Amino acid sequence: MLVVNVYLPCVGTVDRMSIIEVIFDEIWSWRLKYPQSSLIIGGDFNVDLAKRSTVANYIQDFLTCHSLIRCDLNFPSAQQSTYVDESLDHSSAIDYFVCEEVDEIIDYYVISPNINLSDQLPVAIRCNCVYS
């Protein structure tokens, strides 16, 4: 299993789209080096994939082109915001896990810790890993 952690640039970053394209090209180059392994990508995508934007459209197209599936979509009861700014009364989902083999994902959840020093909530998955 090839697991990739990402932290994509946020709105306002100079050359944001170019950086994102390079990151996803690099991820896929590693995937091609290990064709026998399944791929999981997780982290802060810094975009709400449910909304239309240049970045969201690019990522959605990448996922579709490479048969990658958003893990949260298979666990609708666990879907919730991962970015929460209570002072601005704003929240959205910007942290994700995506994978090739949806059957490998046993559980998906957003963790709401009692003490959180971040404006983002941790996202976790539980995987079925087979070692040979």
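This is a predicted model: local features need pLDDT of at least 70, side-chain atom pairs count only at pLDDT 80 or more; totals for chains, interfaces and linings use all residues.
Biologist: Which elements make up the chain, and how do they run from the N terminus on?
Modeller: The order is β-α-β-α-β-β-β-β-β-β, which comes to 2 helices and 8 strands.

Biologist: What is the order of the 4 strands in the open sheet?
Modeller: The order is β1-β2-β6-β3, with mixed pairing.

Biologist: Why are β1 and β3 said to stand at the edges?
Modeller: Each of them, β1 (2-7) and β3 (69-70), has a single partner strand, so one side of each is left without a neighbour in the sheet.

Biologist: How do you know that β2 pairs with β1 and with β6?
Modeller: A pair requires at least two bridges between the strands. β1 and β2 share 6 bridges in the parallel sense, and β2 (residues 39-44) and β6 (residues 95-99) share 5 bridges in the antiparallel sense. Therefore both count as pairs under that cut-off. Ile40 of β2 is the bridge partner of Val3, and Ile40 also stands opposite Cys99 in β6.

Biologist: Why is β2 called mostly covered?
Modeller: In β2, 6 of its 6 residues are buried, where buried means under 20% relative accessible area.

Biologist: Why is Arg31 called buried?
Modeller: The relative accessibility of Arg31 is 12%, and the cut-off is under 20%, so Arg31 counts as buried. Arg31 is found in helix α1.

Biologist: Which residues does Arg31 touch, not counting those up to four places away in sequence?
Modeller: They are Leu2, Gln36, Ser37, Leu39 and Glu100. Leu2 is 29 residues from Arg31 along the chain, and their C-alpha atoms are separated by 7.4 Å.

Biologist: What makes Ser37 a buried residue?
Modeller: Ser37 has a relative accessible area of 14%; this is under 20%, so Ser37 is buried. Ser37 lies in the loop between α1 (16-33) and β2. Leaving aside neighbours within four places in sequence, Ser37 is in contact with Met1, Leu2, Arg31 and Glu100.

Biologist: Why is Asn46 called buried?
Modeller: The relative accessible area of Asn46 is 16%, which is under 20%, so Asn46 is buried.

Biologist: Where is Ser67 found, and what is its phi?
Modeller: Ser67 is in the loop between α2 and β3. Its phi is positive, about 55°, although Ser67 is not a glycine.

Biologist: How many positive and negative side chains does the chain have, and how far apart are the centres of the two sets?
Modeller: There are 7 positive and 18 negative side chains, and the two centres lie 4 Å apart.

Definitions and conventions. Residues are numbered from 1 along each chain as its sequence is written. Side-chain values use heavy atoms; hydrogens and water are left out. Lys and Arg count as positive and Asp and Glu as negative; His and the chain ends are not counted. The place of a charge is taken as NZ of Lys, CZ of Arg, CG of Asp or CD of Glu. Buried means under 20% relative accessible area, exposed over 50%, partly exposed in between (1.4 Å probe, protein chains only). Contact means heavy atoms within 4.5 Å.
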